[in-house]
Each structure stands twice: as structure tokens, then as C-alpha cells.
Amino acid sequence: MSTVLAFDFGASTGRAIKAEFDGEKLSYKEIHRFDNVPKYEDGQLCWDFPYLLAEVKKAIDICGDTNSFAFDTWGVDYGLLDDKDELIGLPVNYRDTRTNGMPDKLFEKISPYDLYKSTGNQIMPINTLFQLMAEKKENARTLLFMPDLFAWAFCGDKSAEKTIASTSQMYHFDKDSWDFNIAELSGVDTCVLQKLVDSASIVGEYKGIKVIKVAGHDTQCAIAAMPADSERCSAFLSCGTWSLIGCECDNAVLTEKSMNDDLSNELGANGKINYLKNISGLWLIQEIRRNFKAAGKAYSFNDMEQLARAEKAFDCFIDPDAPEFATAGSMPEKIRAFCERTNQHVPQSDGALVRCIYESLAMKYKFAIHQISENTGKIFDVLHLLGGGTKDSFLCQMTANSVGIPVIAGPTEATALGNILLQLIALGDISSIEEGRALLRKQEKVKEYLPNDMESWERAYKKFCKIIIK
């Protein structure tokens, strides 16, 4: 019997999940949950690392006896240590505006395609490379991505787990190493980059408990827990604050078309390349709910779904990835302004606004699936929807209708389960991700959504494409 503790950090909450594995059955439960609320320090939006660390310690105390623990988080963000191994300020949040204009500044030194050929990442201002360009901490000696920073705080290990490193725009897929030539373009001394380690590596101990590096990027943990059948051509959709939709490939796709389609290569915990598109996800629903609440309308998520169901279908669309939707505040006004600017019906009711978001997300998933198929030659026959979005039956069914293939929703706790499986691999309890996936196929409940009303959705998709393709 092995007991492990998985820490899963999202952009708004953190959770601790305790799991036990007896060699045949895996049982797990959430033992602690806490808010992850950014704060401002020196005019920058930051993560409150001391508070988060205190919550992690609470969870370890609550857990009691355990063989190991590990961390997964969102990508790209990091903390910096000085020459005394002390944290220099709070880690900056990727939604901070400091990286505005940084890609264009970098392109004075290197072309976008040369950057993409080397690093394979979708070029976004939030990526670590561009954050480093905006850094003003000249005494930095060590860069640790967020999951690595937590591990360091407990065992002193200073290494970079590969899946989280592969989100940075500084990892070279063909060489399986840092691309120091690219990293130098940031203007920060490349000595800050630490040695790379594989997922499922034991890196130290804390009070006799093993500290393990799992797939530090939460998306890669979720994909590790995808209960895919090898006989089917599967795509995945990890759906939370962000939606990441893609497939597993043997090699990175580094063509100019791939770059222009805003597709990204990231390293999976099993050594595969997860070829995917980053799409703004349930952030849009979460943010408009906050806006409604500020206006005195305290809707539950179910309330919003019911309002949306009552509205007319396909009345208007937004591009979920339009820049104005990436920042907090005024979501209803932003949606209306987008619809007016694109000569569409302007939604007035709260339900119409919510339905616009849902349908636009489902349409963007279809758009991304088409791009991924074009770039890989794969024809998908099933989409595995993983994570918190599995709880939203309205979105699940809309997604199936839009993409036109069955959607298998679950497991809901895919990210935590991937974290758990990788710890069990490190401890020697299971042999591989494939064995872990087989275990989940046997014990986890999933729900299949079959597409319907496809002709109406196809007509609406053509309207959507005219709006987002300039």
C-alpha cells in the first residue's frame, strides 16, 4: 500500500488530494482546498507564494502519513532566487501587463519562424522567454518554474522538470535540452536555467517524505490520465480556466503553417509530443459570473447555464482568444462591443451573453481540431474531455455537436490523477503511464456525448469562421 499526496494548483484555487493504491485499486479524496488569489507587489500582479506555501504545509499536516508528495501548476510562471538562495520578490502572474510588446521587441533580433523552429511553442507574450525580457531583477541566479519552486521550498532541489520547461519558449525539442541561444535573447544570464529532469523523478525528502517531480505542467498531468484506447485516434481537450486541445505525436511539428495556426508543441510525461492549441477556456464563464455578482446578480454556474439554455441558438459569436477577453473586468460590455464591431446581433440579456460564450468556445474547439488535423494528417474519431469542464454537461454536449465526433468526458480529476499516477511510477508501484491509463479505464466513470443536430452546427460554424478569420 502506497499513499501519495498530490498538490494541484489552478489559476484561482489550490487543492491537496490524498490517494492510496493497494496494487489493484486506487482511491483518492480531496483533503484541503484554498484560494489562489493574485496580489500586487511593486505595481505587478503576483502570486502570493508565502501564503500558498503555508497552505501546502497545512495540507501535509492534515494528510498525516504519506510516502510522497508532488506539485503541478499552470505553465510559464516562475520564481527567481538570488546568490543566497532567497526568493527575490513574489513570482509574477502571467496576466501582468509587463510583457506587452515584448514579442515585437524580440523580433528585432530573430524572426518569428526561427524562434518557432527552435522552441516549438505558440508565440504568446505570457511565455517565460518574454517574461524574462521584462525582468528587472539583476541579482537573479536561479530560475525555478512554479512546481519546481514549491519542491525547492521543501527539499532544496534546484532542477527544472521537462514538461513545465517545455512551456517556456526556451526548450529545444530535437535536442531535449535548453536552447541557450534563444534564452540569451531575453537579456537575462542563462546561468539561471537549471538542469532538466524527467517526470516521475524523486528529487529529495521533507521530514522523511519523498518529494517527487511529476509533470509540473498541469495539462501534461491531465493528459497522462487520459483513458484513451490505443485502437482509436484520440484528441484531447483539457478544459479548465484555459482550454488546451490537441493530440499526442511522436515528433514535434515545426512548420511555418503550424506557427501561423498558433499551434504549440509541449513535452508529455510519457515522452510524446503533445501538439495543441491554447484557447481561453472557462475563464470567460468565471469572469462574467464575477461581473454579474459585482452588479448584484449572484448567479450560480447552474443558474447561468439555465439562462443560456433558454436563449436563441447561434445568435452571435466572439473569438474567445481576442485580446480584450484576456484581461479581467467588463466582460458583458466587451462581448457586446465585439459583436457590434463585427456587425452581429448584440446580446442584451445575461443568458444571451452566456450562451454566446458557450457556443463560441465549442466553435473554437472545432476550428482548432481542423487545424490540428491539417498539420498532422490525423483524422480523429473521439475527443477526450478532461478536467473541470467535464462537470458542465451543456458545454460537453455543445462540443460534441460542434466537432462532430463523440466526446468522452472524464475523469473530472484528470490533473490530480495524472499527478498521482506519476508519483506511483516514481515509487515503483506501477510501471508506466500506459498501465496507469488502463487502471483508470477500469475504475473511473466517464460519460459519452454523441453529436446531434450537426447540420445546424455546420451552418453556424461557417458564420463563426467569417467572424474570426480576418
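Biologist: Which residues touch the most other members of the largest nonpolar core?
Modeller: This is a predicted model: local features need pLDDT of at least 70, side-chain atom pairs count only at pLDDT 80 or more, and totals for chains, interfaces and linings use all residues. Residues are numbered from 1 along each chain as its sequence is written, and side-chain values use heavy atoms, leaving out hydrogens and water. A nonpolar core is a set of buried Ala, Val, Leu, Ile, Met, Phe, Trp, Tyr and Cys residues joined through side-chain atoms within 4.5 Å. Of the 67 residues in the largest one, those touching the most other members are Ile335 and Tyr365.

Biologist: Which helix gives the most to this core?
Modeller: Helices (H or I, at least four residues) and strands (E, at least two) are DSSP runs numbered from the N terminus. With 13 residues in the core, the helix that gives the most is H13 (residues 350-376).

Biologist: What does Ile335 touch, not counting residues up to four places away in sequence?
Modeller: Contact means heavy atoms within 4.5 Å. With the residues up to four places away left out, the list for Ile335 is Ile288, Ile318, Phe325, Pro347, Leu353, Cys356 and Ile357.

Biologist: How many residues are in the second, separate core?
Modeller: Its members include Cys63, Phe71, Tyr94 and Phe154. The count for this core is 32 residues.

Biologist: What is the strand order in the open sheet?
Modeller: Two strands pair if DSSP finds at least two bridges between them. The pairing here is mixed, and the edge strands, which pair on one side only, are S3 (26-35) and S13 (201-206). The order of the 6 strands is S3-S2-S1-S6-S14-S13.

Biologist: What angle does helix H1 make with S3?
Modeller: Axes are lines fitted to C-alpha atoms, for helices over the stretch in contact, and angles run from 0 to 180 degrees between N-to-C directions. Neighbouring strands of the sheet are turned by 25° against each other on average, direction ignored. H1 (residues 49-63) packs on this sheet, with S1 (2-9), S2 (13-21) and S6 (68-72) among the strands touched. Its direction makes with that of S3 an angle of about 145°.

Biologist: Is Thr3 buried or exposed?
Modeller: Buried means under 20% relative accessible area, exposed over 50%, partly exposed in between (1.4 Å probe, protein chains only). Thr3 lies in strand S1. Its relative accessibility is 10%, so Thr3 counts as buried.

Biologist: How are the rings of Trp47 and Tyr94 arranged?
Modeller: Rings of Phe, Tyr and Trp (its six-membered ring) pair if their centres lie within 6.5 Å; planes under 30 degrees apart count as stacked, over 60 as edge-to-face and the rest as tilted. By this rule there are 22 aromatic pairs. The centres of Trp47 and Tyr94 are 6.4 Å apart and the planes stand at 45°, so the pair is tilted.

Biologist: How many residues apart in sequence are the parts tied together by Phe145 and Trp178?
Modeller: Phe145 and Trp178 are stacked, at 6.3 Å centre to centre and 20° between the planes. Phe145 is buried at a relative accessible area of 0%, and Trp178 is buried at 8%. Phe145 lies in strand S8 (residues 142-145) and Trp178 in strand S11 (residues 177-178), so the separation in sequence is 33 residues.

Biologist: Over the ring of which residue does the charged end of Lys366 sit?
Modeller: A charge sits over a ring if NZ of Lys or CZ of Arg is within 6 Å of the ring centre and within 35 degrees of the ring normal. Lys366 is 5.2 Å from the centre of the ring of Tyr461.
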